[in-house]
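Open the model in your viewer and keep the selection tool at hand. This tour goes stop by stop, naming what to pick and what is there.

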Amino acid sequence: MVLRSHCVARWAIGGLLVALAWSGAVHAELAGDDYQTRAAPLTDAERQQRERQLRAEQERQAAAERAAAERRRRLQEALAAWKAARPPGAQLVEQRCTRCHTADVIQPASRGTVGWLWTVARMRLHGADIDVAQALTVARYLAERGAANRPALDAPPDEATLLSMRRPPPQ
Ligand code: HEC
């Protein structure tokens, strides 16, 4: 086979172009500006700094969650303490008289002790779970509240007040 000169020249030029393109591509990949600016690898110091920031953020969040849980717990505790400090009549009204209707149905000013005793007896006929001694406690309590022009049950204090309440000394 005879290689004609212009053929040889074409091959040579072709090969040269391929070689140039290849080395250029490799060069671009290794040191191209694009590569450097788009995703510059982090130095060790930078990576450590980022990890520290992430950890600090996670710790802040965990601390905030702990504080919120602690606040809820203290609120519950203070509310329970406030409820337990009410007179027995109030606790009975809450426990025995609010199953079928709300406490605001009970208007203390409407009657005296005997009247309330009758009402509680009627509630027993409806199915209220309350014994005679408890009924008397409730009747006296409601009559007193009526005389003092107060509702059957006080609304619990708001959260700020509850949180500022001093805990009763341990017994
Ligand atoms: C088992 C359900 C039930 C329970 C528990 C209950 N009630 Fe009632 N209550 C009713 C029903 C039903 C009515 C409406 C009919 C009536 O007035 O008898 C009512 C109505 C009332 C009324 C409005 C009528 C009125 O007489 O002024 C008052 C006050 C009242 N209840 C007080 C009480 C008290 C105090 C207790 C707790 C000792 C209590 N209730 C517990 C069922 C109940």
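**The whole chain**

Select everything: of the protein's 171 residues, 12% count as buried. A residue is buried if 20 or more other C-beta atoms lie within 10 Å of its own, exposed if 12 or fewer, and partly exposed in between, with C-beta atoms placed from the backbone.

This is a predicted model, in which local features need pLDDT of at least 70, side-chain atom pairs count only at pLDDT 80 or more, and totals for chains, interfaces and linings use all residues. Residues are numbered from 1 along each chain as its sequence is written.

Now colour by secondary structure. The protein has seven helices and zero strands. From the N terminus on, the elements run α-α-α-α-α-α-α. Helices (H or I, at least four residues) and strands (E, at least two) are DSSP runs, numbered from the N terminus.

**Helix H3**

Select residues 44–84, which form helix H3. H3 has 41 residues and reaches 59 Å from its first C-alpha to its last. That is close to the 60 Å expected at 1.5 Å a residue; the expected span is 1.5 Å times one less than the number of residues. How many of its 41 residues are buried? The count is one, and H3 is hardly covered.

Pick Cys 100 next. Cys 100 sits in the loop between helix H4 (88–96) and H5. Cys 100 is exposed, because 10 other C-beta atoms lie within 10 Å.

Two packed helices are described by the angle between their axes and the distance between the axes. Axes are lines fitted to C-alpha atoms, for helices over the stretch in contact, and angles run from 0 to 180 degrees between N-to-C directions.

Show H5 with helix H6 (residues 132–147): their axes come within 8 Å and cross at roughly 135°. H5 and H6 are therefore oblique to each other. H4 and H6 pack at an angle of about 110°, with their axes 8 Å apart. H4 and H6 are therefore roughly perpendicular. Angles under 35 degrees count as roughly parallel, over 145 as roughly antiparallel, 65 to 115 as roughly perpendicular and the rest as oblique.

**Two last picks**

Select Glu 144, in helix H6. Glu 144 is partly exposed, with 15 other C-beta atoms within 10 Å. Glu 144 and Thr 113 are 31 residues apart in sequence and 8.2 Å apart in space, C-alpha to C-alpha.

Finish at Asn 149, in the loop between H6 and helix H7 (159–164). Phi of Asn 149 is near 60°, a positive value in a residue other than glycine. Most residues other than glycine have a negative phi. Asn 149 is exposed, with 8 other C-beta atoms within 10 Å.
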